[in-house]
Every structure is written in C-alpha cells, then in structure tokens.
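My notes follow in the order in which I made them.

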Amino acid sequence: MSQRPRPRTVVSCTLLVIALCAGVTACGSDGNPLTARPYDAADQISFSGPSGAGKKADPDKPLEVVAEGSDGRITDVTAVDATGRYLAGELSADGARWHSTSPLAANARYTVRVSTEGEHGAPGRKVLTFDTGRPSTKKRLTVKFGPKAGRYGVGQPITAKLNQPVKDPAQRAVVEKALKVDSMPAVDGAWHWVDAKELHYRPKEYWPTHATVQVRSNLDGIKISDRLWGGRAKPLTITTGDQVIAVTDAAAHQMTVTRNGEVVKQIPVTTGKPGYATRNGVKVVLAKEGTVRMTSASIGASDFYDLIVHHSVRVTNSGEYVHAAPWSTGSQGYANVSHGCTGMSTDNAKWFYDNISQGDIVEVVNSGGDTMAPFGNGFGDWNLTWKSWRKGSALIAGDPAGPGPEERARLRPQSI
C-alpha cells in the first residue's frame, strides 16, 4: 500500500530553502561591504595634478595621491597616458600616499584610477584626468670628444663621452646619427656604445697613414627625449702618422717592430712569468710616461719590489708597460720573468720609446695570459671582430654589410 509523504517533511524542506534564501539576502549589498557598489571617493583623496580648467601639470614634478582623513586608505592607483604607457608609482604601506617613481611624459593626457577602502571596508573609486605641459626645465646632452687634438698612431679610437646617460635604443640612435666622423682618406667605420655615457669610433681596419680625422656633433637643438635635448660640442681634428706596430711573441721572447709594413727592429724581451702572464691581444699605446716608480702594491705581488723604471710606455690602465729592465737582461730573449710588463735592455727601451707614439699598436701573442678586454682597461677595441664591433651600434647592429651612401644620407638627424 502506498504512503503519502508526510506534510512535516515538506514543511521542513521549505523552511530550509527559506533559511538559505535569508542567508543569501544577509550577504547582499546591505550586509557585506565587499560586495557593495563602489562609492565616489572624491572626498577621501587629493592629488597634486592641476584642478583648474585649461591648467596643465608640470611633467618635471611627481604625481601624488593622498588619502584625506583617518577613516580610509588607498588600495590601488593606476595612471596611464593616452598611448597606453603606465606611470610607475609606489604606495605607502599604510595606504596614506601614492607617488609616481618615473617621470611624467610631456604634452600628454593621463587617466588616473584610484581605489580606496573606507573605515569599514567599503570600496571607493575615483577617476581623474589631467594634461601635462612642456617641461619647465630641459637637460642638455653635451659630448666631449677624445683624444685631444694632435697626431696619433693608426690604432687610436675616437671617444665620445656624454654628460647624461642614454639607455633607450631609440634615443641612442638619435644621438649616434648626430655624431659625425669624416676621414681623409675615407674609411668604413662605426660607433660602438661602451656604456650609457660613452661611445668609441674605430674603422674596420686601422686608420690610414697620414690621415686627417674630423669629428663633430650635430646634436645641438635635436630632441632626444621629452626632457633631453642636444647641446653644443667642441669639434675635434686629429691626424695619424706612420703605421707602427710592435708584436711581442711571448713564447719566443721576441718583439718585432714594423713601420708601414717593413720590419725595422727585432728586440729580445721578457714578459710575464707564470701567475703574472702578460695579456694577449691588441693594445693601444696610452701614454709615454718616461721614468716611473713601479711597486708590487699595484698588482698585489707576493714577492715585493719597488723600482724606478726608465723609458716607460703605458699600454693598460692597470699598469702594464713596455719599459727598460736592465735587471733581467740575462733572461731577455730566453725566459719570461716579469710581473706582466714587457721588459728589454735600456738601449732597446730607449729606441722603442723614441720610435713609438700614443695610438700606436702593441700586440702580444702566445702568452699564457687572458686576452685584453675591449673596454675598461685602456683601448682593447681592436680585439673585437668587425661584426662584433658593429653590434654595439644603435644604427647598424642588425646590418652585417653596413649602410651605403644613400642610407647614410637618410640617417642624418632632423631638428625638432
């Protein structure tokens, strides 16, 4: 026999549904502030942007949003310009203040969205818009070319030192376009960015002999970024002499000096002993310093020495020289006994000193030492292949062949 459901069972289920619905209602906008519709937080915040119609913010000043009073805090701020670029910023731990940490763009419109939280957790929103004007100040990018005007060897790189760092690739391209190097006879050369504040220029091969090299900047009046504009630079002219190259074979303990391709001198030498091996590679003569006091303090040698050394020619910033070493004449031509320098007899050192010039090439081969670094310890620029050198250019890094005459004309900078 069938049985009908008990009425109390139906009533119980109904009461359960009603109870659940009541619970949902209790969690609605009237009960939980987290699900409430955001209120206008205009009265809870202030910001440093312009408030009057037609007024524009100074892009040189940071943007600041502050929570007013003690009954709420800022939870999030996003500031975006019309091109979609976000403005970096930092919110304080207590939510009382947000400020920008990167520069505002000039002549831009920003939309700022501020999220807040009330005393009881109710969310607030405020959207602000403002325009920026021209920067009140402009930084000038100045360039100092090196070396000083004069006559140099065929290995001398041209240097361009900037007073402001330039990191952005597009901005580097603007700078590089404006730095001009003209050589007579003409050469195929390129700039290489050593770091954000220094460039070097060298030809594919060594400079021609008896060449005239003129360097100038067309940066004056050129816009590099919103705040950075090119300034004036003093031009530079240098000339080259004969091609003088001194190659030291550390294994054979011999230096061969050539002038314009002709061997003019063979010199017995000693180079760095084990533990102090002379650096391999191409170095450019930095200076003729004559008489120099050399001590082991400069290299941290365990065996102490303190010597007055004559006919000294510097080839690295860290203290590698070619110099007279009368104390080691018995080893010259036979063994390597120095602390890294290239030593020779006093007579040979005097001849070398009299026949070498700043910018000439001193190369070491077959040494147990590391290869001379391209940058940071003098001029090791020639230790980079031409392909690697070109990769350091902001203009031609991706072009293995290099720009032709028509492209060079197209790359001339335009004033803004």
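Contact here means heavy atoms within 4.5 Å. Helices (H or I, at least four residues) and strands (E, at least two) are DSSP runs, numbered from the N terminus.

The model is predicted, with local features needing pLDDT of at least 70 and side-chain atom pairs counting only at pLDDT 80 or more, while totals for chains, interfaces and linings use all residues. Residues are numbered from 1 along each chain as its sequence is written, and side-chain values use heavy atoms, with hydrogens and water left out.

**Entry 1: whole chain.** I noted 5 helices and 27 strands in the protein chain. Of its 416 residues, 42% are buried (under 20% relative accessible area; exposed is over 50%, partly exposed in between; 1.4 Å probe, protein chains only). Among contacts with a separation of 6 or more, 64% are between residues 24 or more positions apart. The accessible surface is about 22300 Å², and carbon and sulfur atoms hold 51% of that (Shrake-Rupley method with a 1.4 Å probe; for residues, only the protein chains shown count as cover).

**Entry 2: the sheet.** I traced an open sheet of 5 strands in the order E21-E20-E19-E27-E22, with mixed pairing; two strands pair if DSSP finds at least two bridges between them. E21 and E22 (281-284) are the edge strands, each pairing on one side only. On average, neighbouring strands are turned by 20 degrees against each other, direction ignored.

I then checked the two hairpins. E19 (residues 244-249) and E20 (residues 254-259) run antiparallel and are joined by 6 bridges, with Val244 opposite Arg259. There are 4 residues between these strands, and His253 has a positive phi near 60 degrees. E20 is also antiparallel to E21 (residues 262-268), again with 6 bridges. Gln254 has Pro268 as its bridge partner, and Val257 has Lys265. The E20-E21 hairpin leaves 2 residues between the strands, and Asn260 in the turn has a positive phi of about 55 degrees.

**Entry 3: helix H3.** I found H3 (residues 346-355) lying across E19, E20, E21 and E27 (361-365), at about 145 degrees to E21.

**Entry 4: Ser338.** Where is Ser338 found? I located Ser338 in the loop between E25 (321-324) and E26 (342-344). Ser338 counts as buried because its relative accessibility is 13%. Its side chain has a polar atom 3.2 Å from the backbone nitrogen of Gly272 and reaches the backbone nitrogen of Gly340 at 3.0 Å. Leaving aside neighbours within four places in sequence, I listed Thr270, Thr271, Gly272, Lys273 and Tyr276 in contact with Ser338.

**Entry 5: helix H2.** In H2 (residues 169-178), I noted Arg172, Ala173, Val175, Glu176 and Ala178 as buried. Their cover includes E9 (139-141), E13 (179-184), E14 (189-195) and E16 (212-217). At the start of H2, a side-chain oxygen of Asp168 comes within 3.0 Å of the backbone nitrogen of Ala170.

Terms used:
A polar contact is a pair of N or O atoms within 3.5 Å; within protein, one must be able to donate a hydrogen and the other to accept it, and residues adjacent in sequence count only if both atoms are side-chain atoms. Axes are lines fitted to C-alpha atoms, for helices over the stretch in contact, and angles run from 0 to 180 degrees between N-to-C directions.
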